[in-house]
Amino acid sequence: MNSLDANNMLSVLDNYTLETIDDIALKLAEDFRRRRIEKNLTREEVAQSADVALSNLVRFEQKGLISLKNLIALAMALGYASEIKNLFATPKYATMEELTQIRKNANKKKVYKKQ
């Protein structure tokens, strides 16, 4: 197996590893920073555009810590409003039972306590 095949297998396996909340937060921050730099925007410019305190943006990029409202504002400032708005738009399921349950509950507005 060549190194390209090994890298492809590792990237597929990465999608199936159990990640922690911190891992995901840091990945979001890393991707955000990459997109910001690709657009040649300084932290100050993005913070001002998003109306987010610069210190909050810095904390996000360095530690992955941010409030939901500030994350939405930063996403919108980089043109990712649709992606963040639709984060939970599509149902996800792991089994056919789960898919059946999703379809059954598609129009429900509330879940009641099981007795």
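# Briefing: an all-helix chain and its contacts

Leaving aside neighbours within four places in sequence, Asn 70 is in contact (heavy atoms within 4.5 Å) with Val 52 and Asn 56. Asn 70 sits in helix 5. Asn 70 is buried, at a relative accessible area of 18%; buried means under 20%, exposed over 50%, and partly exposed in between, with a 1.4 Å probe and protein chains only.

This is a predicted model, in which local features need pLDDT of at least 70, side-chain atom pairs count only at pLDDT 80 or more, and totals for chains, interfaces and linings use all residues. Residues are numbered from 1 along each chain as its sequence is written, and side-chain values use heavy atoms, with hydrogens and water left out.

**Overall make-up**

- The chain has seven helices and zero strands. Both are DSSP runs numbered from the N terminus: helices are H or I with at least four residues, strands are E with at least two.
- Read from the N terminus, the order of elements is α-α-α-α-α-α-α.
- The chain holds 115 residues, and 17% of them count as buried.
- Among contacts with a separation of 6 or more, 42% join residues 24 or more positions apart.

**Nonpolar core**

- The largest nonpolar core has twelve residues: Ala 29, Phe 32, Val 46, Ala 47, Ala 50, Val 52, Leu 57, Phe 60, Leu 71, Ala 73, Leu 74 and Leu 78. Such a core is a set of buried Ala, Val, Leu, Ile, Met, Phe, Trp, Tyr and Cys residues joined through side-chain atoms within 4.5 Å.
- Helix 2, helix 3 (43-50), helix 4 and helix 5 (68-77) each supply at least two residues of this core.
- Ala 29 touches Phe 60, Glu 61 and Gly 64, leaving aside its neighbours within four places in sequence.

**Helix 2 against helix 4**

- Two packed helices are described by the angle and the distance between their axes.
- The axes of helix 2 (residues 21-38) and helix 4 (residues 54-63) come within 7 Å and cross at roughly 115°. Axes are lines fitted to C-alpha atoms, for helices over the stretch in contact; angles run from 0 to 180 degrees between N-to-C directions.
- Helix 2 contributes Ala 25, Leu 26, Leu 28, Ala 29, Phe 32, Arg 33 and Arg 36 to the contact, and helix 4 contributes Leu 57, Phe 60, Glu 61, Gln 62 and Lys 63.
- The residues of this contact divide into seven nonpolar, one polar and four charged. Ala, Val, Leu, Ile, Met, Phe, Trp, Tyr, Cys and Pro count as nonpolar, Asp, Glu, Lys and Arg as charged, and the others, Gly among them, as polar.

**Salt bridges**

- The count comes to seven salt bridges, each a side-chain nitrogen of Lys or Arg within 4 Å of a carboxyl oxygen of Asp or Glu.
- Asp 31 pairs with Lys 27 at 2.8 Å, N to O. Both lie in helix 2, four residues apart. Lys 27 is partly exposed, at 43% relative accessible area.
- Arg 34 also bridges to Asp 31, with the closest N and O atoms 3.0 Å apart. Arg 34 is partly exposed, at 36%.
- Lys 27, Glu 30, Asp 31 and Arg 34 are linked in a network of salt bridges.
- Glu 38 and Arg 35 meet at 2.7 Å, N to O. They are separated by about one helical turn because they lie three residues apart in helix 2. Glu 38 is exposed, at 53%, whereas Arg 35 is partly exposed, at 25%.
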